[in-house]
Amino acid sequence: MGEYAKLRVTMFGDFVMNYQGTQLRLERTNTTKAMQALQMLLYYGESGVPRNMFMDALYSQDESVSDPANNLKVTVSNLRRLLVKAGLVGTTIRFAGGNYYWQSELEVQLDIRDFSLEVKRAKVAKNEKEQLEHLTSACELYTGDFLPHLQTEDWSMAAAARYREEFFACVRQLAALYKEREDYPHMLQIATHAAALYPLEEWWALRIESLLGMERYQEAKAVYEESVNSLAEEYDVRPSKRLLECLRRIDKATENKNVTLDQLQAMLQEAALPNGAYYCPLPGFIDAYRVASRMLERSGQSAYLMLCWMVDGKGQRLTDKEKAAWAAPKISSAIRSSLRRGDSYTQPGRDRFLVLLIGTNQENCSLISSRIEAHYKKDPARGVQLRFKLAPVRDVNSEEMFQNKPSWK
């Protein structure tokens with residue numbers, strides 16, 4: 001069977017099915033009972049899902065269900081109908097010996113299965129070259145938590161924890177191999193991948209150590225400052241001995257170096273020129289705000305500070321940390337795509353963003369907030385909505401603005 005005819009299933013970071021070059025959308029969301037059943041069947045594969053386990057996973061927390069066995073039959077029947085409607089050749093759900101099984105004439109390519117296979121191959125590799133290849137493949141396949149939309153389900157939560165630890169182990173092994181080879185560019189690549197998925201101190205430190213190995217000291221210092229700010233704001237923790245040792249190495253390496261104007265200018269410039277607004281950590285945003293405030297005194301331009309925060313389906317402030325973490329990248333992308341390159345924004349708290357809009361009026365600000373919301377609705381986080389508030393830059397006390405006070409709403 002050709003590659004084109006395979007059913008490709010992604011379970012890391014999301015749940016996506018692709019068949020014959022088209023993404024299948026069996027239902028509106030991946031959290032309906034039928035879709036949860038489908039994900040369980042694909043995960044357990046040839047071993048099948050016992051009926052009692054199925055009923056417990058789907059209905060144990062649903063007090064409105066009086067007959068779980070009958071509801072399960074209805075759910076499986078609905079799923080069979082969805083599979084036929086999707087045009088999946090010879091695909092159905094089979095029941096035998098008390099278990100439910102995924103049955104299909106199609107070859108199914110599962111990212112989680114490929115990941116586990118690469119991890120096993122790395123453990124039995126005959127040499128370092130083979131080990132590097134398999135570890136790299138495993139890390140590339142891992143693009144986020146296993147089925148993050150089902151994080152409250154026991155079966156998927158346990159699987160997600162196991163895959164996450166296997167990914168961390170792969171990153172550590174790869175980093176050690178690259179460090180031994182003094183291959184710092186590849187070490188930086190894997191550290192950046194890990195830090196993007198999980199902004200943990202271990203991966204921040206690994207990024208800094210990679211940059212130090214390449215003698216990119218100014219970038220290392222920037223990453224250090226970003227990591228310290230992030231850890232303080234998100235987790236209220238101080239830098240570890242490992243991070244402080246990175247800072248000591250940076251200071252020692254740069255204390256006797258004479259930097260030319262050209263080198264300084266190169267350091268200040270962006271590595272690339274992406275479209276959309278410029279994101280900067282909170283301390284940098286505060287500086288940008290204060291500079292803009294001073295410039296407006298001379299130019300006479302108007303500027304506004306926009307607060308964007310998350311609320312739940314009832315319009316109340318979002319208190320679910322996991323939902324906020326899931327929604328934040330989507331909102332950040334919507335903001336960046338909706339604004340000009342000359343605008344900047346930051347994330348001062350888990351559930352909120354600040355946007356600095358220079359040279360615009362209040363009417364245009366309303367259009368901008370509508371544009372942000374429209375972009376976000378193209379790829380929203382379930383149960384998370386947006387709210388906005390404006391304040392003229394010159395009329396706002398910046399110290400109060402950036403302290404993440406509830407009164408700001």
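Helices (H or I, at least four residues) and strands (E, at least two) are DSSP runs, numbered from the N terminus. Residues are numbered from 1 along each chain as its sequence is written. The model is predicted, so local features need pLDDT of at least 70 and side-chain atom pairs pLDDT 80 or more, while totals for chains, interfaces and linings use all residues; side-chain values use heavy atoms, without hydrogens and water.

**Exercise 1.** State how many residues of α8 are buried.

Solution. Buried means under 20% relative accessible area, exposed over 50%, and partly exposed in between (1.4 Å probe, protein chains only). In α8, 10 of 13 residues are buried, including Trp203, Arg207 and Glu209.

**Exercise 2.** Describe how α6 packs against α8.

Solution. Axes are lines fitted to C-alpha atoms, for helices over the stretch in contact, and angles run from 0 to 180 degrees between N-to-C directions. Helix α6 (residues 154-181) and α8 pack at about 20°, with axes 12 Å apart. Because angles under 35 degrees count as roughly parallel, over 145 as roughly antiparallel, 65 to 115 as roughly perpendicular and the rest as oblique, α6 is roughly parallel to α8. With contact meaning heavy atoms within 4.5 Å, Phe168, Val171, Arg172 and Ala175 of α6 meet Glu202, Trp203 and Leu206 of α8.
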